[in-house]
Amino acid sequence: MARPRRIVLVRHGESTGNVDDSVYEREPDHALALTERGRRQAEATGEQLRERFGDEHVSVYVSPYRRTHETLRAFHLDPELIRVREEPRLREQDWGNWQDRDEVRLQKAYRDAYGHFFYRFAQGESGADVYDRVGGFLESLFRSFEDPDHPPNVLIVTHGLAMRLFCMRWFHWTVAEFESLSNPGNGEVRMLVLGDDGKYTLDRPFDRWRDPEPYGDHRIEWQGDDR
């Protein structure tokens, strides 16, 4: 199995929806573009990625949203070194179709009280739903490692929630641990690095906004994926 040396997760740059939530009343979530600041964020991240990858090949997976595709283009990666696949399972959490701003704000307050993992938006998904489809993508990703010519790098351009849930699934974090973590900022990177022991570690943690509050009093012993 040709497991990559690094798996890089990147959140898209700042989008119009990040600076004005009323835009969801006029435009579909998947169609929102990057702001000028978001393009600069993506270009700065791309400079870091090009230095990191060098002349190595990269297998790229990108969410089907406009802002993630624009982020990927702003990386200016060498097209001779990358293979790009649009992956719908990496899309943003579905909050419904045309979104009423006041209704969404109310539902976000309900979500904060109920729990981000379990709360399901009235016409959309829960965090648990996104976890399931990200888990399905991970199974496909593992199978791709069976190719002896698999590139040494994987790049995933997606959304903040999907990044946290990807790591939750990979490292077997509990729901309580997930609930304690904040999304990365726009254009931020997290990298899973393959060690000499055959296990992946996260290059830096997600910020925490509170300590985990588990229901059980047992310790979770499994700290990583053994595949």
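Where is His159 found? Select His159 to begin: this residue sits in the loop between β4 and α6. Helices (H or I, at least four residues) and strands (E, at least two) are DSSP runs, numbered from the N terminus.

Before going further, know that this is a predicted model, where local features need pLDDT of at least 70 and side-chain atom pairs count only at pLDDT 80 or more, while totals for chains, interfaces and linings use all residues. Residues are numbered from 1 along each chain as its sequence is written, and side-chain values use heavy atoms, with hydrogens and water left out.

**Stop 1: around His159**

Is His159 buried or exposed? With a relative accessible area of 0%, His159 is buried (buried means under 20% relative accessible area, exposed over 50%, partly exposed in between, with a 1.4 Å probe and protein chains only). Now show its contacts (heavy atoms within 4.5 Å). Not counting residues up to four places away in sequence, His159 touches Arg11, His12, Ser63, Tyr65, Arg67, Thr68, Leu90, Arg91 and Glu92.

**Stop 2: helix α5**

Next, select residues 127-144, which form helix α5. The end C-alpha atoms are 26 Å apart, in agreement with the 26 Å that 18 residues should span at 1.5 Å a residue (the expected span is 1.5 Å times one less than the number of residues). Colour the buried residues of α5, among them Val130, Phe137, Leu138 and Leu141. The buried residues of this helix pack against β2 (58-62), β4 (153-158) and α6 (160-171).

**Stop 3: charged pairs**

Side chains of opposite charge can pair when their charged atoms come close. A salt bridge here is a side-chain nitrogen of Lys or Arg within 4 Å of a carboxyl oxygen of Asp or Glu, and by this rule the count comes to 18.

Arg37 is partly exposed at 44% relative accessibility, whereas Glu14 is buried at 10%.

Then pick Glu125 and Arg133, a salt bridge of 2.8 Å, N to O. Both Glu125 and Arg133 are buried.

Move on to Arg169 and Glu139, where the closest N and O atoms of the salt bridge are 2.9 Å apart. Here Arg169 in helix α6 is linked with Glu139 in helix α5, 30 residues away in the chain. Arg169 is buried, at 17%, and Glu139 is partly exposed, at 28%. Salt bridges that share partners also join Arg5, Arg6 and Glu56 into one network.

**Stop 4: the nonpolar cores**

A nonpolar core is a set of buried Ala, Val, Leu, Ile, Met, Phe, Trp, Tyr and Cys residues joined through side-chain atoms within 4.5 Å. Which residues touch the most other members of the largest one? Select Ile7, Leu141, Ile156, Phe166, Trp170 and Leu192, out of 29 residues. β1, α5, β4 and α6 each supply at least two residues of this core, and α6 gives the most, with 9 residues.

**Stop 5: paired strands**

Finally, show β2 with strand β3 (residues 82-86), which pair in the parallel sense over 5 bridges (two strands pair if DSSP finds at least two bridges between them). Val58 stands opposite Ile82 in β3.
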